[in-house]
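Here is a short report on one protein chain. Keep the structure in view while you read, and look up each residue as it comes.

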Amino acid sequence: MATFFNFPPVFSALPSRTHHHIHSSQTPPPPPPPQPSSTTGNDNQEILQVSTKSQQQKPIKPTKIESTDWIATSLTRRFGIGAGLAWVGFLAFGVISEQIKTRFEVSQQQANTRTVDKEQEVLLPNGIRYTELKVGGGASPKPGDLVVIEIVGRVEGSGQVFVDTTEKKPLALVMGSRPYSKGLCEGIEYVLRTMKAGGKRRVIVPPSLGFGESGADFGTTEIPPLATLDYIVEVERVSIAPA
């Protein structure tokens, strides 16, 4: 018909449309990642500061010290108040029996201690001389025992006092321990082995078992070389040293 009326073929010149089919199985591209803003870093710093403060302000729990009270509590909960009281009574009995034992030993020591009627000097093979002033009625010290003594030490000849516990508190030592306490020497430890609690002796220590050729310097008192030492030593108590 277009050719019949001499019109140009308009419709025939229209370009053909291309139909694009979108398949539903094709995955769309992912969205771009968000750009970090300046406020995000500040927020993280604030959160970090808050968490740090909370850790610093967290209270520290005190260490719980265990004792034997939990035994009494456990026995009471399981077997009744009678079992708890029985455990407390057992502990009390142990403490009281130990006190009774100590008092008994002290009373026995006092009962068996006696003053020497006739003083006599004894010369030992190592050169030590001693005079028994009072025979003790308690136990003899063994290596590792705790010995409490009263002691006065002088330099023979000059009479210079270098140790005196009678005006202060008694001296405590562990038998066999080194170094010696102030004023003590090998000769005194040797004599203590044959003494008993409650005993008292006068002891003359030769230089070889005293402070020898070098002497000793106690700050306020100086013992000359090759000095013979004159002691009065009394054993007050002998017991097992604490662990």
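## A loop residue to start

Lys 168 is found in the loop between strand 5 and strand 6. Strands here are DSSP runs of type E with at least two residues, helices are runs of type H or I with at least four, and both are numbered from the N terminus. Is Lys 168 buried or exposed? Lys 168 is exposed, with a relative accessible area of 65%. Exposed means over 50%, buried means under 20%, and partly exposed is in between, with a 1.4 Å probe and protein chains only. Lys 168 and Glu 150 are 18 residues apart along the chain, and their C-alpha atoms are separated by 9.4 Å.

## The model and the chain

This is a predicted model, in which local features need pLDDT of at least 70, side-chain atom pairs count only at pLDDT 80 or more, and totals for chains, interfaces and linings use all residues. Residues are numbered from 1 along each chain as its sequence is written, and side-chain values use heavy atoms, with hydrogens and water left out.

The protein chain has five helices and ten strands. Of its 243 residues, 24% are buried. Its accessible surface comes to about 18600 Å², and carbon and sulfur atoms hold 58% of that. These areas come from the Shrake-Rupley method with a 1.4 Å probe; for residues, only the protein chains shown count as cover. Take the contacts with a separation of 6 or more: residues 24 or more positions apart account for 63% of them. Contact means heavy atoms within 4.5 Å.

## The nonpolar core

In soluble globular proteins, nonpolar side chains tend to be buried together. The largest nonpolar core in this model has 30 residues. Such a core is a set of buried Ala, Val, Leu, Ile, Met, Phe, Trp, Tyr and Cys residues joined through side-chain atoms within 4.5 Å. Strand 4, strand 5, strand 6, helix 5, strand 7 and strand 10 each give two or more residues to this core. Which strand gives the most? Strand 10 does, with five residues.

Ile 149 is among the residues with the most contacts inside the core. Leave aside its neighbours within four places in sequence, and the contacts of Ile 149 include Leu 171, Leu 192 and Val 233.

## Aromatic rings

The whole structure holds four aromatic pairs. Phe 162 and Phe 211 form an edge-to-face pair, because their ring centres are 6.3 Å apart and their planes stand at 90°. To pair, rings of Phe, Tyr and Trp (its six-membered ring) need centres within 6.5 Å; planes under 30 degrees apart count as stacked, over 60 as edge-to-face and the rest as tilted. Phe 162 is in strand 5, and Phe 211 is in the loop between strand 7 and strand 8, 49 residues apart. Both Phe 162 and Phe 211 are buried.

## Charged partners

Side chains of opposite charge can pair when their charged atoms come close. There are seven salt bridges, each a side-chain nitrogen of Lys or Arg within 4 Å of a carboxyl oxygen of Asp or Glu. In one of them, Arg 201 meets Glu 132, with the closest N and O atoms 3.0 Å apart. This pair joins strand 7 to strand 3, across 69 residues. Arg 201 is buried, with a relative accessible area of 4%. Arg 201 also lies over the face of Tyr 130, at 4.1 Å from the ring centre. That label needs NZ of Lys or CZ of Arg within 6 Å of the ring centre and within 35 degrees of the ring normal.

Glu 156 and Arg 129 form another bridge, at 3.9 Å between the closest N and O atoms. Glu 156 is partly exposed at 39%, and Arg 129 is partly exposed at 27%. Shared partners join Glu 121, Arg 129 and Glu 156 into one network.

## Backbone exceptions

Most residues other than glycine have a negative phi, and most peptide bonds are trans. The peptide bond from Arg 178 to Pro 179 is cis, with omega near -5°. Pro 179 is found in the loop between strand 6 and helix 5. Leu 226 is not a glycine, yet its phi is positive, at about 55°. Leu 226 lies in the loop between strand 9 and strand 10, and Leu 226 is exposed at 55% relative accessible area.
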